[in-house]
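I opened the notebook today to write down, entry by entry, what I looked up in this structure.

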Amino acid sequence: MYAIGLMSGTSLDGVDACLVKINLNEEFSIINFITLEYSDKFRAKLMRNLNKDTAKLDEVSSLNFELGYYFKEAIDKVLEGTLLDYKDIEFVASHGQTIWHDPKGATPSTLQIGEASVISYLTNIKTVSNFRVMDVAAGGEGAPLVPFSEYMLYVSKEEDLVLLNIGGISNFTYLPKNACGKDVIAFDCGPGNIMIDYFTKKYFNKNYDKSGEIASSGKIIEKLFNALKEDDFILKNPPKSTGREKYSVSFMEELIIKYALDKEKPNDVVKTITEATVFGIVYNLKKFIPKFNKLIVSGGGSHNDYIMKRLKEELEIEVLKSDISDSKEALAFVVLGYQTINNKPSNLITVTNAKEEVILGQITPSPRRKEDFDGSRFKKNRN
């Protein structure tokens, strides 16, 4: 069977779409992968609605459907150049876009938007979404969820591995050799690209620090770095998960005021923020992971040569870029969606701290019989 995974992360760079073939032995093979970038205007709208001080109810409601149309466009794009069409896809697994995540609130909650009904209606493909909410309902963090797929796909018989993802937030999965589910350790460890991208955009009008060139040219601002090393989330014991509700625009603007960053050299600010990301990763690895011989890095941060160099220096082990660095999370949701449609649980309770294993995700069925749906009429809309 064929399936498509969709992922929109905290970096807000766009929608990742992964076309996957699943064979009878439950082997998952990537056929195609694309990223559909958001327009600057849409990204700005998303950004302000991830901040409780600037969010508007009418915009959140609208974004829920607007993202659904973006996700449908990403499906079209990932199918381009293949011989497959909507009717050939068994299911779409969509992470959506996290708008708020607070599993430790007075009423634990999490909210992902990107209306599954829009995806299902326009493509007539069964769509699985809202993966996090059942784990939170079961008393868990609702994150990270990717470790389940990593456990299924990457456990080694020879090596103790750490799979590090540096997206907007940094998180890692520890897979000791011959691990079973209860052996897996995984959690968010602090900011990834979220703060680097913000300050790079603010001071250099670039969406990200390409290859870490800006950070490489700067110097550490000690007062800022010392403060960031005391970040309560970085130092917190797992299980733990976070997002833009913690590292918000307000949080970063407060840093600017408190440490007079507008009077500092911009490349020094970016360097210091980048070093804080490295610190969060290294601190959590050294404190909570007993032993490992290889670190495999994925996500946008894996393309930051400065971060990769600093990780090698600090950990003194083999640090490699994943061969599916950008597509790993979209692939992960195909794995989770496959579990859902087969009525199988896909949360690791040692990771999320849920009370029990549960089946994640909500299924939005195909709204029509396949024979009644002429999917070809949408082909002309593909870009």
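**Entry 1, pairing of strands.** Before anything else I noted that two strands pair if DSSP finds at least two bridges between them. I also kept in mind that what I have is a predicted model. With that in hand I looked at strand β8, residues 169-175, and found that β8 and β9 pair in the antiparallel sense over six bridges. For one residue I followed the pairing across, and the bridge partner of T173 turned out to be A186 in β9.

**Entry 2, the sheet around these strands.** In which order do the five strands of the open sheet lie? I read the order as β9-β8-β7-β10-β11, and the pairing in this sheet is mixed. The edge strands are β9 (185-191) and β11 (318-321), each of which pairs on one side only. When I ignored direction, neighbouring strands of this sheet were turned by 20° against each other on average. I reminded myself that in a regular strand the side chains alternate between the two faces of the sheet.

I then asked which strands helix α11 touches. Helix α11, residues 266-288, packs on the sheet and touches β7 (161-166), β8, β9 and β10 (294-298), while its direction makes about 150° with that of β9. Helix α12, residues 305-315, lies across β7, β10 and β11, and I noted that α12 runs at about 160° to β11.

I looked next at helix α6, residues 194-204, which packs with α11 at an angle of about 175°, the axes being 9 Å apart. Angles over 145 degrees count as roughly antiparallel, and that makes α6 roughly antiparallel to α11. From α6 I listed M195, I196, F199, T200, Y203 and F204, which meet P266, N267, V269, V270, I273, T274 and T277 in α11. Sorted by class, the residues of this contact of α6 with α11 are nine nonpolar and four polar, with no charged ones.

How do the axes of helix α1 and helix α2 cross? The axes of α1 (residues 40-48) and α2 (residues 57-79) come within 11 Å and cross at roughly 135°, which makes α1 oblique to α2. I recorded the crossing of α1 past α2 as left-handed. On the α1 side the contact is made by F42, K45, L46 and R48, and on the α2 side by E59, S62, L63, E66, L67 and Y70. I counted the classes in this contact of α1 with α2 as five nonpolar, one polar and four charged.

I also checked the length of α2: at 1.5 Å a residue, its 23 residues should span 33 Å, and the end C-alpha atoms are 34 Å apart, which agrees. Just after α2, I found that G81 takes a positive phi of about 80°.

I turned to α5 and helix α13 (residues 328-341), which pack at an angle of about 90° with their axes 8 Å apart. The two helices, α5 and α13, are therefore roughly perpendicular to each other. In α5 the residues V146, F148, S149, E150, M152, L153 and Y154 meet K328, E329, L331, A332, F333, V335, L336 and Q339 in α13. By class, this contact of α5 with α13 has ten nonpolar, two polar and three charged residues.

Strand β4 (residues 89-102) and strand β5 (residues 109-113) pair in the antiparallel sense over five bridges. A hairpin of six residues joins β4 to β5, and I saw that Q97 stands opposite I113 in β5.

Most residues other than glycine have a negative phi, and most peptide bonds are trans. I therefore went looking for exceptions to this. A cis peptide bond joins A143 and P144, with omega about -10°, and P144 lies in the loop between α4 (132-137) and α5 (146-154). The peptide bond from P238 to P239 is cis as well, with omega near 5°, and P239 lies in the loop between α9 (232-235) and α10 (249-258). For N130, a residue other than glycine, phi has a positive value near 50°, and I placed N130 in the loop between β6 (127-129) and α4.

Notes:
Residues are numbered from 1 along each chain as its sequence is written. This is a predicted model: local features need pLDDT of at least 70, side-chain atom pairs count only at pLDDT 80 or more; totals for chains, interfaces and linings use all residues. Side-chain values use heavy atoms; hydrogens and water are left out. Axes are lines fitted to C-alpha atoms, for helices over the stretch in contact, and angles run from 0 to 180 degrees between N-to-C directions. Helices (H or I, at least four residues) and strands (E, at least two) are DSSP runs, numbered from the N terminus. Angles under 35 degrees count as roughly parallel, over 145 as roughly antiparallel, 65 to 115 as roughly perpendicular and the rest as oblique. A crossing is left-handed if the near helix is turned anticlockwise from the far one by less than a right angle, and right-handed if clockwise. Contact means heavy atoms within 4.5 Å. Ala, Val, Leu, Ile, Met, Phe, Trp, Tyr, Cys and Pro count as nonpolar, Asp, Glu, Lys and Arg as charged, and the others, Gly among them, as polar. The expected span of a helix is 1.5 Å times one less than its number of residues.
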